[in-house]
Amino acid sequence: MTSDVNDTDLDDTDVNNTADDTVDAAGNVLDTVEMAVAVAAAGPTRFRHQPLTWIGARARNSFTFLTTHAIALYGTAVLRMGYGSLYLIFLLHEYPKHDALWGPNAPWTPALNQQFANDPGLDWFAVDRWWYTFLGHGGKTWFEFWYHVAILVCLLFVLGWRTRVTSICFALTIMAFTGRDVFLTDGGDNIMGLMAIYLAFSRCGARWSLDSRRRRRQAAKREARGIPEFSWPGTPGWQAVAELDRTREEIVTFLHNAAVLVIAAQICVVYAAAGLYKSQGSYWQNGTALYYTLHLDWFRPWPGLSNFLAAQSVTIAIVAYLTVFVQIAFPFAVFSRWLKYPCLVMLVGMHFSIAVVMGLPLFSAAMMVGDAVFLPTSMWLWVGRKVCEQLARLPRPGLYLISKRARPTPTTPQSPEGSVLPHQAQPHRSASH
């Protein structure tokens, strides 16, 4: 994994790196929302002179941009590693009791799940319903096999190995575990399930992955052998194939950009809905909602800490009002170049507090990972450089031992006469020697 990070963090020659390195006139890197509404070039027509022509030119330039430039490649890579790592840790954490939770002997059987869905007459839903509960079908051997396959899928998804396939498998894995027992899930599972579906349509393996490492090494080998880059022959038949290949590339790029925009919209909807629902409650209006939340037995993993925070009446009232305000304002703040960053800092602090104080780490981590899509590429490039610098400082015992074994041991002369160095270069020998 170390070599993968070192080899893939600053891949400036990749074909999809155009949009991530796009800068505006001030020299600042465009972020996800701004690149989605940016245009490739400004048309000479003014809106007040020919409004329909101006709108058509802007729409055409925007569509060309979205089909030729992949946006937020580093952001989707962070989402891939974040959600894959979260679900991998979740499956490993639940491993000692995984059979009792999702196995065929679990109290919530597929028959109960079908009865709970209350759709026995929908035959077309049978396949979907079976997939949601496939972990409960068959015997214990079947369940154990697929549970370990799910762990492997999460690991491969984090590493970015054959991401086009593993991303789909990762989405199906989350859907299977979430649908197996609807009473074991929370908001974090729902968010990760939605994000996994969106990431299946994105190029989340274009950066910081084994796929990008493999493509770069293959390109380096072709360049070392003097093999030119592949180009379609100039015959009419092959030119038609080249046009189909270009169309396929544009469709894939458009789906990636659409998935990124949907991910950003999903995060905004979650925050806006949470803020609007809070604003309708009387406890949030008078600032006492957090006080009563800190006294709920289900969300008190640290009773002493909860009691201490509940005693700070003025502070928790301010935090309650600030939480509602930031959540409602965030969907509008993302269109600002600098206003969104203070909002993101406050939201990350809010989720960290929820994870520690209320004992909801999965939900909080899922939301914090989703916030990464709003951060600019320049920040992820800086993070990649810092990570590589820290990894380069780590000792490598294996290489050290090999180099030490191969290096000849210098011999120490017994006397100045036996040394090949001049007399002035000999070490000083005191009288005590």
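Among contacts in the chain between residues at least 6 apart in sequence, 76% join residues at least 24 apart. The model is predicted, and its secondary structure comes to 20 helices and zero strands. Of the 433 residues in the chain, 39% are buried. The mean pLDDT of the chain is 77, with 74% of the residues at 70 or more.

**Confidence along the chain**

- Helix α4 (residues 73–93) has the highest confidence in the chain, at a mean of 93, while helix α1 (residues 2–8) has the lowest, at a mean of 38.
- Residues 1–43 stay under 50 in pLDDT. For this stretch the model has 97 contacts beyond four places in sequence.
- Residues 415–433 also have a pLDDT below 50. Beyond near neighbours in sequence, residues 415–433 have six contacts in the model.

**Helix pair α4 and α8**

- Helix α4 packs with helix α8 (residues 140–159) at an angle of about 155 degrees, and the two axes are 8 Å apart.
- An angle over 145 degrees counts as roughly antiparallel, and α4 and α8 are therefore roughly antiparallel to each other.
- The crossing of α4 and α8 is left-handed.
- On the α4 side the contact is made by R80, M81, G84, S85, Y87, L88, L91 and L92. On the α8 side it is made by Y147, A150, I151, C154, L155, F157, V158 and L159.
- By class, the residues of the contact of α4 with α8 are 13 nonpolar, two polar and one charged.

**Helix pair α9 and α10**

- Helix α9 covers residues 163–180, and helix α10 covers residues 187–199.
- The axes of α9 and α10 are 8 Å apart, and the helices pack at an angle of about 155 degrees.
- α9 and α10 are therefore roughly antiparallel to each other.
- α9 passes α10 in a left-handed crossing.
- From α9, the residues S167, F170, A171, I174, M175 and T178 take part in the contact. They meet D189, N190, M192, G193, A196, I197 and L199 in α10.
- The contact of α9 with α10 has eight nonpolar residues, four polar residues and one charged residue.

**Helix pair α10 and α12**

- The axes of α10 and helix α12 (residues 236–280) come within 9 Å and cross at roughly 165 degrees.
- That angle makes α10 roughly antiparallel to α12.
- The crossing of α10 and α12 is right-handed.
- I191, L194, M195, Y198 and L199 of α10 make the contact with A259, V262, I263, Q266, I267 and V270 of α12.
- The contact of α10 with α12 has ten nonpolar residues, one polar residue and no charged residues.
- L199 of α10 is listed in the contact with α9 and in the contact with α12.

**Residue S167**

- S167 is placed in helix α9.
- S167 counts as buried because its relative accessibility is 2%, and buried means under 20%.
- Not counting residues up to four places away in sequence, S167 touches F157, A196, L199 and A200.
- Of these neighbours, F157 is one of the α8 residues in the contact with α4, while A196 and L199 are among the α10 residues that meet α9.
- S167 and F201 are 34 residues apart along the chain, and their C-alpha atoms are separated by 8.5 Å.

- A72 is not a glycine, yet its phi is positive, at about 55 degrees.
- A72 lies in the loop between α3 (51–68) and α4.
- With a relative accessible area of 5%, A72 is buried.
- W208 is another residue other than glycine with a positive phi, near 50 degrees.
- The place of W208 is in the loop between α10 and α11 (210–224).
- W208 counts as buried, at 9% relative accessibility.

Key: Residues numbered from 1 in each chain as written. Predicted model: local features only at pLDDT ≥ 70, side-chain atom pairs only at ≥ 80, totals over all residues. Heavy atoms only, no water. pLDDT = per-residue confidence, 0-100. Helix = DSSP H or I, 4+ residues; strand = E, 2+ residues; numbered from the N terminus. Contact = heavy atoms within 4.5 Å. Axes fitted to C-alpha atoms, helices over the stretch in contact; angles between N-to-C directions. Parallel < 35°, antiparallel > 145°, perpendicular 65-115°, else oblique. Left-handed = near helix turned anticlockwise from the far one by under 90°. Nonpolar A, V, L, I, M, F, W, Y, C, P; charged D, E, K, R; others polar. Buried < 20%, exposed > 50% of the residue type's maximum accessible area, 1.4 Å probe, protein only.
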